[in-house]
Amino acid sequence: MLPEPPPPAADADSPALPAGPAFSPLYQQIKALLVKSLQDGEWKPGEAIPSELDLASRFRVSQGTVRKAIDELATENLLVRRQGKGTFVATHAEEKIQYRFLRLTSDDGEATGWERHFLDCRRMRAPAEVSRALGLKAGEPALLLRRTLGRDGVPVVLDEIWLPAAPFKGLTAERLAQYAGPMYGLFETEFGVRMIRAEEKIRAVAADAVSAGLLQVPPGYPLLSVERLSRTYGDQAVELRRGLYNTASHYYRNELS
């Protein structure tokens, strides 16, 4: 089979492919255009994107090239394929998506059904290391959220969450507590911020007096410390989360491939 010819030069009715090295595969260029449409809000979380055939016509490439680009975005959890229905923008409201950054699982295998309790939500000046992680300018404000996650009335996780203040104007502990869905779902729908990937640092620590009280364990109790930096489109850091996990009846689960 002959290789797919390069697309013709773009005109006013057809978006140009992004400039890049000559060796960049065509499907990667289409993937970049799809990500840009997602970032620009052309298709909202939970909405269907155009069919592969329509996208192939739009970008003037083969349907197979579009399919390969969509396959990668589905693997990265940016899109979700639904048999017989089409392809949709992934949302953290999806049951299989909403907890994908939380790797803590109970010993009985249950990974969902967390009970949330928000302790506070404050606008303040972030410490230097938080500002660096979030890319904040000197003196730029941040939001500090604290909450616990638990099961059957027993707290298991204590989260300290830092967010840049500007994108989350109007966010309060009351608003967080009133929202029935996952917190990342609220960020998507009301603030237009979508967490698409994260990196974590994990270590063992001993509970101090404050964390011990909130997690209902003795001071010095062994905890798992998980520091997560979450990013949105453009690799922009938008959340620094420091979680303390009580693993007495839970374990940290990860899949390697």
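Predicted model: local features only at pLDDT ≥ 70, side-chain atom pairs only at ≥ 80, totals over all residues.

Me: Why is Pro182 called buried?

Reply: Buried means under 20% relative accessible area, exposed means over 50%, and partly exposed lies in between (1.4 Å probe, protein chains only). Pro182 has 16% relative accessibility, and therefore counts as buried. Pro182 stands in the loop between helix H6 (173-178) and helix H7 (183-191); helices are DSSP runs of H or I with at least four residues, and strands are runs of E with at least two, numbered from the N terminus.

Me: What makes Pro25 partly exposed?

Reply: The relative accessible area of Pro25 is 38%, so Pro25 is partly exposed. Pro25 belongs to the segment before helix H1 (26-39). Its C-alpha atom is separated by 9.5 Å from that of Thr65, 40 residues apart along the chain.

Me: Why is H2 called roughly perpendicular to H3?

Reply: Helix H2 (residues 52-59) and helix H3 (residues 63-75) pack at an angle of about 110°, with axes 8 Å apart. That angle makes H2 roughly perpendicular to H3. Angles of 65 to 115 degrees count as roughly perpendicular, under 35 as roughly parallel, over 145 as roughly antiparallel, and the rest as oblique. Axes are lines fitted to C-alpha atoms, for helices over the stretch in contact, and angles run from 0 to 180 degrees between N-to-C directions.

Me: Which residues of H2 and H3 meet?

Reply: Glu52, Leu53, Leu55 and Ala56 in H2 meet Gln63, Val66, Arg67 and Ile70 in H3; contact means heavy atoms within 4.5 Å.

Me: What makes H1 roughly perpendicular to H2?

Reply: H1 and H2 pack at an angle of about 105°, with their axes 12 Å apart. This angle makes H1 roughly perpendicular to H2. In the contact, Ile30, Leu33, Leu34 and Ser37 of H1 meet Leu55, Arg58 and Phe59 of H2.

Me: How many helices and strands does the protein have, and what percentage of its residues count as buried?

Reply: The protein has 8 helices and 10 strands. Of its 257 residues, 43% count as buried.

Note on methods: Residues numbered from 1 in each chain as written. Heavy atoms only, no water.
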